[in-house]
Protein chains: 2
Amino acid sequence: MKAWQETQLQALQSIQCAHQLFQTILSFSKELGFDHCAYGLRMPLPLTNPKTLMFNNYPTAWQAQYQAKNYLAIDPTVQHAMRSLLPIIWTDDLFSPASDLWEEACSFGLRVGWAQSSRDFNGFVGMLTLARSNEPITEIELDANKFKMAWLTQVAHLGMSRCLTPKLMQEVNVTLSNREIEVLRWTADGKTSSEISCILNIAERTVNFHINNVVTKLNAANKTSATIKAAMLGLL
Amino acid sequence: MKAWQETQLQALQSIQCAHQLFQTILSFSKELGFDHCAYGLRMPLPLTNPKTLMFNNYPTAWQAQYQAKNYLAIDPTVQHAMRSLLPIIWTDDLFSPASDLWEEACSFGLRVGWAQSSRDFNGFVGMLTLARSNEPITEIELDANKFKMAWLTQVAHLGMSRCLTPKLMQEVNVTLSNREIEVLRWTADGKTSSEISCILNIAERTVNFHINNVVTKLNAANKTSATIKAAMLGLL
DNA sequence: GTCGATAGTGTCAAATCTGACAGACTTACG
DNA sequence: CGTAAGTCTGTCAGATTTGACACTATCGAC
């Protein structure tokens, strides 16, 4: 347990394969007393259909069930994780809006769990879940381990997003010029092209030129979409 | 040091005044061996001029200097914090692009420091800095305390943003109807009103009606600005 | 049973954006 | 000295958005 931090940081920095990284995370979660571990990464875009990648060592049948019934959309732990950075512990109360899910999870031996999320500057949200079948999480255990659990959440996110982001979201690799950023920021703040042309002392045509370049670079359908993409991915 | 976690969480949940909360954070930072502490909170909007709130117990003269020379805009620790969730330690290298700032900080007895940021679901970025005048941060110290420092970053952010967000950014209090969210998501993904009307099987006029309501609610100048605001504040 | 929030629809003129035509100037880099 | 990237500018037609006019209907709360 001494080598925790070094090993983690090494893994974080060196491992290039997400599956391999997950195995490392899993081994840490076992050291913390949890047989099961799940890591999910949700991309910020598109807003109408944000993709989520999942890694876990849950029973295969439960994984299939979860997928088939689209439990991701109603899982209360996920909903919490999308709104708050605070850790959350599985309770009957928490799962009351999704009793089916809860009962089935229990039937697969997933009765005790803890989850926390994190969000990076590209807008990616990562969620780490640690779970086991029995042995409720005690106050004492929590006090002893919550620092490490929170840390693991961070480390897992940093590693996972480093591995996955560039492939999943080409747009994060795009670089915008200073002028493009400037114009796009004003656009995001609700200025029209002609207003921006006054602010920056250039022709309206030039403003539209820059905007059009960004639209092309980000593969967007129009100005609004381009602005959203750039802002959500932290390009502005 | 035993009561760390309880006290922190209590403070986090109960204290309503940001200054009072900062005093609590400061006391923890002292327990961790740092005389000085700074907490900054940056709001996500407006993009052309994002406001930042600062709390710290630095020498008054240094605070004035920092403000007067607008060091916030070039501070390498801030720039790092805006791009990465990883903690960072003050080094000569780090400050080489801002040697003036670094020399002046040293002259005020701020030579050793550590900083980490976090980002919440409203897009607010918080940054915690722990500093002292001498005694370099050793590997051993870091290994012993980095979990707690990361934790404190989180706790500070949760408390501070709870205190400050509702006042600073009225828009976070706005609630959008389901239909408004739906329409706005499609808008963010680059669909035109007429396209959305097809997708949702309603009249184009109705789409514009919903969009206009959101524009009004969020006090935005137009569709693009409203969409950005909603997306950045996690309303979508 | 009225009130408020939500959802839906119509028309029309002016403002704004989009796309496609094409070209010029500067700066950094090799 | 050429080349690439970034910045800047022009015109014009057609699509889209915006703002202001009104109106109907449902649903839950008081």
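This is a predicted model: local features need pLDDT of at least 70, side-chain atom pairs count only at pLDDT 80 or more; totals for chains, interfaces and linings use all residues.

Mentor: Start with who touches whom. On the H7(B) side you have Arg179(B), Glu180(B), Val183(B), Leu184(B) and Thr187(B), and they meet Val207(B), His210(B), Ile211(B), Asn213(B), Val214(B) and Lys217(B) of H9(B).

Now the geometry. H7 covers residues 178-188 of chain B and H9 covers residues 204-217 of chain B; their axes are 9 Å apart and the packing angle is about 100°. Angles of 65 to 115 degrees count as roughly perpendicular, so that is how H7(B) stands to H9(B).

On the chain B side, look for Arg119(B), Phe121(B) and Phe147(B): they supply 20% of the area that chain B buries against chain A, more than any other three residues.

Cross over to chain A and you can pick out an open sheet. Five strands make it up, in the order S2-S1-S5-S4-S3, with antiparallel pairing. S2 (52-56) and S3 (88-89) of chain A are the edge strands; each has a single partner strand, so one side of each goes without a neighbour in the sheet. S2(A) runs antiparallel to S1 (residues 36-42) of chain A, and five bridges join the two. If you want one to click on, Arg42(A) has Thr52(A) in S2(A) as its bridge partner.

Helices pack on this sheet too. H2 (residues 18-31) of chain A touches S1, S2 and S5 (125-132) of chain A, and its direction makes about 135° with that of S1(A). H6(A) packs on the sheet as well, touching S1, S2, S3, S4 (112-119) and S5 of chain A; here the angle to the direction of S4(A) is about 50°.

With the cut-off for buried at under 20%, Glu141(A) counts as buried because its relative accessibility is 17%. Setting aside neighbours within four places in sequence, its contacts are Leu32(A), Phe34(A), Arg132(A) and Pro136(A).

Definitions and conventions: Residues are numbered from 1 along each chain as its sequence is written. Chains are lettered from A and ligands numbered from 1 in the order in which they are written. Side-chain values use heavy atoms; hydrogens and water are left out. Buried means under 20% relative accessible area, exposed over 50%, partly exposed in between (1.4 Å probe, protein chains only). Contact means heavy atoms within 4.5 Å. Axes are lines fitted to C-alpha atoms, for helices over the stretch in contact, and angles run from 0 to 180 degrees between N-to-C directions. Helices (H or I, at least four residues) and strands (E, at least two) are DSSP runs, numbered from the N terminus. Angles under 35 degrees count as roughly parallel, over 145 as roughly antiparallel, 65 to 115 as roughly perpendicular and the rest as oblique. Two strands pair if DSSP finds at least two bridges between them. Buried area is the accessible area (1.4 Å probe) that two parts lose on being put together, summed over both.
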